[in-house]
Structure formats: C-alpha cells, structure tokens
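Subject: Structure handover

Hello,

Here is the structure I promised to pass on. Please open it and keep it beside you while you read my notes.

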Amino acid sequence: MTTPRTPLKQRPLRQHPRKQRHLVRRALLAAAVLAAVAACGSEAGTTEQERRLRADRAAAEAEAEAAERKKKRQRTTVRGLRGMPPVLDPRDVYAADRPNRLSPVVKDFPSRVYVPNSESDTVTVIDPKTYEVVETIPVGRQPQHVVPSWDLKTLWVNNNRGHTLTPIDPRTGKAGKPVEVHDPYNLYFTPNGEYAVVMASLDRELVFRDPHTMKRIKTEPVSCYGVNHADFSLDGTYIIVSCEFSGELLKVDTASMKVIGQRKLPFEGAMPQDVKISPDGKRFYIADMMAHGMWVLDGDTFEEPKLLPTGKGTHGLYIGRDSREMYVSNRGEGTVSVFDFTKGELTKKWHLPDGGSPDMGGVSADGKVLWLSGRYDSEVYAIDTRTGEQLARIPVGSGPHGLAVYPQPGRYSLGHTGIFR
C-alpha cells in the first residue's frame, strides 16, 4: 500500500543551514528579551518606563554577548596569503616553534651551528654539544648569512660580493654547486613558499625568484638604500623591510610583489637592522644600531614608530621558544637585552665577560642556548637563556655574521638566519 504524500502546500520549506542557524540565533535572542521583559513586568511597584529600560538593557546585553561569540569564532581562523599554511594560533605566530618540536623533514639532521665568515670567505661548522669546530667550508666572496630554505631541506649561504648562493645539505653538511644570484645580501621566502626574496642591498632591488632554482621572476626597484632585513605580517599579506643606509622602512605587498608604503625613521642617522613581529602579530620591532634601540611599529597602519632604547649598537632580534621574551643583541657594548612581550618592557640585560660584539644568530632547538656571532672579534658566543651566563666563546674566521642554528622547530622557514612558522 502506498503511503499518502503530504500535499505540496503543507510540506515544510527547506532552508539553507546558515539561514537556519541565523533564525535559531534570532529566536534565542527574542526569547532572552521576552524573558527579561516578563521578569521586569513581574516586579511589583515598577513603572512602565522602568520596565522598558530594563528590557532595552537586556536586549543590548544579549546582542553584545552574541557579537562577542561571533568575534571568538572569527579569531580562531586567519585568512591570509593564498597558499600559506594555516596559522596554528592567531594569538601567537610562533606557536609552531616550541622546544624540540622538529618537523619530520629535519628531525634526523645533526644539530650544528653554521657561521658565515664574511672576511674569510668560509663557513665554520660548530657542534653545539661539544662547542667544537667540526668543519670549515670554503664558499664564495663575502658570505653574509646562512639561510634555511622554505621547505627546510637546504641551507643557502649568501655570498654577497661573489654574487652566488652556496647550497649546503644539512643532512650531510656538504656544500653543493653555487648558484648565480646577483647581490644576495640576505634571503627570505614568502609564507606560501612560492618565491624566494633576495635583498639586493647595493642593487637597490627586491628580487623575487623561484625558491628552488633561484631563477629571477620579478624585480621590484626601491628608492631607499641598503635593503637588508625583513619580517612578514601574521597573515603573510605584507612584508616590513628595513633600509639600513637611508634610515627608512618599506611596506611590501606579498601577492603583488610591490612596495605599498615607505617611511623615514624619525632619528637623524638611523640605521635599521633586524626586523621581528610580535607573537600576537600586532607590532613589528626593528633594531637600530645608531638609535641604540628598537623601533616599535604598527605594521597595519604603518604610522610613525616609537623608539625603545635597549643598548649601544642594537642589531639582532631573537624570539624565545615560549614566545614570552625576545633577545636583543647590542653589538656596540657587548650585551644582550631581554624584552618581555607581556609587560612590554626590558626586564634584564646580560653582559658578556670581557666584552664582545654580539651580532646575528639564533636560539637552540630546546630554547636553552642563544648563539650569536662576534662580528668584530672572530668568535661566537653561546649564552644560557635562563641565566644569561656565557657558556662558550669559540674562535672562528674573520668577520662572522649571520649564523644559523640548525635544525630548529617550525613547519617552514621565512628565511634570514631562521624565522620559522
């Protein structure tokens, strides 16, 4: 026997799930308001005006609560640069960098410290467990930085005046055939891994290249002098770049690969260096070796930044593994300042015994040791991040600069001496 069909006019209308959720929210809000009105009306001795005021207040509170719930849902996701791996935690861009959280790609790589000696044209390789030099690798003219590739598989040595990049296999420690790249002072990678970005300092260019072959794809000329360091916004849509020799900052749109903002720093003779974004993504910090401090910049608005003094010759910026502190190397006075992100202030200053010239470096995979090159002293410093104690002082070649500690935690590399997400 066939079951009688419900007449068409009596069938319930099917609605889109999003519309259904919207109607449910409206029904709940209306119920809350009606309940508030009923409660107000049941109170003896209240006037009609008072009841209306209370009902309006209850409705406003319900609306505010609904809006806050919506904001919380929005904060759980970040819509960023096309193809960029999803942000793990929108409140902490360094959430993937926790102690010893190594990617499967690098977990079997030997732990090493790679030191480019810009005046010796070599890379010194140090075993961080023994603090001993295990190898010296000849490279091209004037190596400036050792840069982990976006996919974590290669270390690129930036031979600035040799106009080449020397690849090093971090699994074996062996150098490969140099790749011709003009004026590679520093090297970065877009968060989606689509491009390598060469900081061509003397050429006054940002050169976007294939991240594997290094073939030139697009050149963006700049009007400032000495482009050298950078960091990306939380969503990866723009880059803040420092221009050392003209004391300026650039804001670059990642997708279009074009400069969209330029600002002169409000300090005569400013020489901006390293750039790092705060864990919450709200501020950029730019070290300045002549202003002897860090510029604090709102990258979204790109308004005039404020200076936070740290020490003479402020140069390198490195984030601790818990995202709570940042280590600031003061090259001109042989110290390291410690900045607390929560407090928004400097909390400690560590002095190197017998002085020194702490420059660029990185933090060990477990977060316990800060490694820095001694730019003018042909040495490398290992510093305990809990106490500030100097653990080792290791002789290397002449002019040690952007050393890389490798491997480090993270899913992918944005470049420099190791900016990981």
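Is Pro221 buried or exposed? Pro221 is exposed, because its relative accessible area is 57%. The cut-offs are these: buried means under 20% relative accessible area, exposed means over 50%, and partly exposed lies in between, with a 1.4 Å probe and protein chains only.

Two notes on the source. This is a predicted model, where local features need pLDDT of at least 70, side-chain atom pairs count only at pLDDT 80 or more, and totals for chains, interfaces and linings use all residues. Residues are numbered from 1 along each chain as its sequence is written, and side-chain values use heavy atoms, with hydrogens and water left out.

**Two residues**

Pro221 is found in strand β12 (residues 216-221). Strands are DSSP runs of E with at least two residues, numbered from the N terminus. Leaving aside neighbours within four places in sequence, Pro221 is in contact with Arg204 and Glu205. Contact means heavy atoms within 4.5 Å.

Now go to Ala200. Pro221 and Ala200 are 21 residues apart in sequence and 9.6 Å apart in space, C-alpha to C-alpha. Ala200 is found in strand β10 (residues 196-200). Ala200 is buried, because its relative accessible area is 0%. Not counting residues up to four places away in sequence, Ala200 touches His182, Asp183, Glu205, Val207 and Val227. Ala200 and Asn160 are 40 residues apart in sequence, yet 8.7 Å apart in space, C-alpha to C-alpha.

**Two sheets**

Two strands pair if DSSP finds at least two bridges between them. Strand β14 (residues 238-243) pairs with strand β15 (residues 248-253) over 6 bridges. There, Ile240 stands opposite Lys251 in β15.

Another open sheet of 4 strands runs β21-β22-β23-β24, also with antiparallel pairing. Here β21 and β24 (345-351) are the edge strands. Strands β22 (residues 325-330) and β23 (residues 335-340) pair over 6 bridges. Val328 stands opposite Ser337 in β23.

**Two cavities**

How many cavities of 30 Å³ or more does the structure hold? The structure holds 2. On a 1 Å grid over the protein atoms alone, a cavity is a set of points where a 1.4 Å probe fits but cannot get out, and lining residues have an atom within 4 Å of a point. Grid points are joined across faces, edges and corners, and a volume is the space filled by probe spheres set on the points.

The largest cavity has a volume of about 180 Å³. Of its 16 lining residues, the closest to the centre are Asp97, Ile319, Arg321, Gln408 and Gly418. Strand β25 supplies the largest share of this lining, 3 residues.

The second largest cavity has a volume of about 110 Å³. It is lined by 17 residues, and Val87, Val93, Leu234, Tyr412 and Arg421 lie nearest its centre.

Best wishes

Note on methods: On a 1 Å grid over the protein atoms alone, a cavity is a set of points where a 1.4 Å probe fits but cannot get out, and a pocket is an open set with protein on both sides within 12 Å along at least five of seven lines; lining residues have an atom within 4 Å of a point.
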